[in-house]
Amino acid sequence: MANLTITLIGGPTALIEYGGFRVVIDPTFDPPGDYKLPYTTLTKTAGPALSADEIGAVDAVLVSHDQHWDNLDHSGRAYFLKAKNAFTTKAGAARLGGSVAGLAPWENVTIRNAAGKALTVAATPARHGPAGIEPLSGDVIGFVLSVENARSIYITGDTTWFDGTAEVAHRFDVGAVLPFAGAAQTRGPFNLTMNTNDVIETAKQFRDAAIIPVHSDSWAHLTQTRADIAASFKAMGIDGRLTMLKPGVATEIPL
């Protein structure tokens, strides 16, 4: 059994402390501001709850995809490129260069910490919107973290619920899921990340896993809030499965 503590930094960014390892996901450390894309402008509405310096040393940094500013902003990119273990998509690794390693879905790598403990990082499928969106949204992955004698942690990355995410439930014994929620919309009236129904379906498929939503705050293009997720789980009578993180507060999660 491994201890799990998660600290929400803001948006998709969180510090995961699990089995003796410290891992940051999708680092975004910029202050509020606008990011212009060819088809829209993304607006960040809140800065990080903790700075990179306040987080301190970590064992790995994981990025679900590098092509969107709400998952890897200017400061996050600089932070990611300095990480001793940096993992993202194959396409993202080719763009970023340096020591960034690319993983394809279902590919995995094992790293060790100073104590000699092993952490396996497995990439998982993700689809950043409805079927057929891939040429527009680009490659995205999620991650499963595993240590010996403990249940795994699943980080969905930017995805909606589809058969690729469902397959994760069949392949891994997952004790905690971090769905990237908020029902992001930038290209039209369709979701690019999980909405409340997707998060509930996630809870259904990962039957006894803790559900810990991230990426449901700090960006104007998110169309559902943390309160929407909490209300939906309460209406379904499964709010006991849900942990809503408070930014900057380290929260222990039973596995």
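**Notebook: a sheet and a helix pair**

Entry 1. I looked up the sheet and found an open one of seven strands, in the order 8-7-6-3-2-1-15, with mixed pairing. The model is predicted, and I keep that in mind for each entry. I noted that strands of a sheet pair through backbone hydrogen bonds, either parallel or antiparallel.

Entry 2. Which strands are at the edges? I found strand 8 (101-103) and strand 15 (250-252), each of which pairs on one side only. From one strand to the next, the twist averages 25°.

Entry 3. I then followed strand 15 to its partner. Strand 1 (residues 4-10) and strand 15 run antiparallel, and three bridges join them. For T5 I looked up the bridge partner in strand 15, and the partner is E252.

Entry 4. I checked what helix 2 (residues 74-82) does and saw that this helix packs on the sheet. Helix 2 touches strand 3 (21-25), strand 6 (60-62) and strand 7 (86-89). The direction of helix 2 makes about 120° with that of strand 7.

Entry 5. I turned to helix 6 (residues 196-205) and helix 7 (residues 226-235), whose axes come within 10 Å. How do the two lie to each other? Their axes cross at roughly 50°, and helix 6 and helix 7 are therefore oblique to each other. I recorded the crossing as right-handed.

Entry 6. I listed the residues that make this contact. Helix 6 brings T196, V199, I200 and A203, while helix 7 brings D228, I229, S232 and F233. Sorted by class, the contact has five nonpolar residues, two polar and one charged.

Technical notes:
Residues numbered from 1 in each chain as written. Predicted model: local features only at pLDDT ≥ 70, side-chain atom pairs only at ≥ 80, totals over all residues. Heavy atoms only, no water. Axes fitted to C-alpha atoms, helices over the stretch in contact; angles between N-to-C directions. Helix = DSSP H or I, 4+ residues; strand = E, 2+ residues; numbered from the N terminus. Parallel < 35°, antiparallel > 145°, perpendicular 65-115°, else oblique. Left-handed = near helix turned anticlockwise from the far one by under 90°. Contact = heavy atoms within 4.5 Å. Nonpolar A, V, L, I, M, F, W, Y, C, P; charged D, E, K, R; others polar. Pairing = 2+ DSSP bridges.
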